[in-house]
Amino acid sequence: MRQLYIGGAWTASASGEAIDVVNPATEEIIDRVPAGSPDDVERAVLAAREAFASWSATAPAERGKLLAAAAELLKERADEVARTIASDMGAPLGFALKVQTLMPAGVLASYAQLAESHPRESRVGNSLVVKEPVGVVAAITPWNYPLHQIICKVAPALAAGCTVVLKPSEVAPLAAYALADIFHEIGLPPGVFNLVSGRGPVVGEAMAAHPEVDMISFTGSTAAGRRVAALAAETVKRVALELGGKSANIILPDADLGVAVKVGVANCFVNAGQTCTAWTRMIVHRDQYDEAVGLAVEAARKYTVGDPFDEATRVGPLVSATQRDRVVHYINRGQEEGARLVAGGTEPPLDRGYYVEPTIFAAVEPGMTIEQEEIFGPVLSIIPYTSEDQAVRIADGTRYGLSGAVWSATEERAVALARRLRTGQVMINGGKFNPMAPFGGYKQSGVGRELGEHGLDEYLEIKSLQL
């Protein structure tokens, strides 16, 4: 069994209990990690508190050098880390390398630069306004992007001068261990980064409630985020939440329908649909609706389900039996409420593994469960509209506001519609994800922003000195 990483050393958990790590493609146990305890959290938080004074006083350039060294070592080990991610959460290997490993390495490198270049002082009249590190940060991360979501929190926190206690998802924790190894090898000072694996109701809640934790940054479900925020409120600590999504892909009548549908299907099915920003609702003008459904079904046929290590695979397994059962429940619910299943369904596509066939629903109406709730699997709902105002109402008609897309023949028209949407990001005509742009949501999709300078500011306090 693996150990915890506290105070610059690997150490056994006080609980003595283990959590099995299961390969979702084979259903076999591939590793075991400690089921951490509140006592483990106590040790980790105290280690982070002790390290904070010296780390926050370390020159930003020196912090940046250490982060740059970590980014380079991560790049060198990218193939190994990608194989780890493909094994413990099921992402196809090519995707695990490019998106799940190399992209986080790039984000880590960006914070190595921002550690030194990000402005920390400004003048307002007779006041000097300075930015200082928040303090001890507790980070709780999910399983769907098990390294990227860690880097999005740990890299800016360390660049800002904060120290960190990380709880990765117990479902897919192995990438966190790979990162801890890297931080250890590049000589990150003891206590600056600490890793406590375990379950959310035990380790996560102890972190959120701990009085010596100055900030909690959480990525996961909206329900869990509400619990984290409630616990954090008892000690009035800073809270950053990156939560669920039910993103809309609005295709205007003048858009290239074939391209918009093809890219929309790809976005919905990437990472087996286990992406908070996935465009799970395709909103198409009623005059083009039947054609769009046909194009979507045709596109879905090209998404081969299979072993993450098979080059032909485009959709791997869901991360766990629990997640698979959740998705199957929603597919059944969609049919019960009158939506028309036009691709996929609930039948297991393979004899072994937690797989779900890429699924598409037509005849979906606003308010249906599959149109309102985050499914977190390869399930697409196609919804008709008759006017732009109606399209906006449908897009904004859920409790979420994380991402979305707009397609039009003219960028000006697409941008004008995108400005009306209550959501944190909008891709215009297939615009690519930008890891330097602020990432976060409106409404119940979260509080705060990650990535780039905005992500760094989350970990900085502001002080005003009147001169």
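**Aromatic contacts in the predicted model**

Arg314 is placed over the face of Tyr303, at 3.9 Å from the ring centre (a charge sits over a ring if NZ of Lys or CZ of Arg is within 6 Å of the ring centre and within 35 degrees of the ring normal). The model is predicted, with local features requiring pLDDT of at least 70 and side-chain atom pairs counted only at pLDDT 80 or more, whereas totals for chains, interfaces and linings use all residues. Residues are numbered from 1 along each chain as its sequence is written, and side-chain values use heavy atoms, with hydrogens and water left out.

In one of them, Phe183 and Phe193 have ring centres 5.0 Å apart and planes at 65 degrees, so the pair is edge-to-face. Phe183 belongs to helix α6 (residues 174–185) and Phe193 to strand β9 (residues 193–195), so the pair ties together parts that are ten residues apart in sequence; helices (H or I, at least four residues) and strands (E, at least two) are DSSP runs, numbered from the N terminus. Both Phe183 and Phe193 are buried (under 20% relative accessible area, with exposed over 50% and partly exposed in between; 1.4 Å probe, protein chains only). Together with Tyr5, Trp10 and Tyr177, Phe183 and Phe193 form one aromatic cluster.

Conventions: Phe/Tyr/Trp six-rings, centres within 6.5 Å; stacked < 30°, edge-to-face > 60°.
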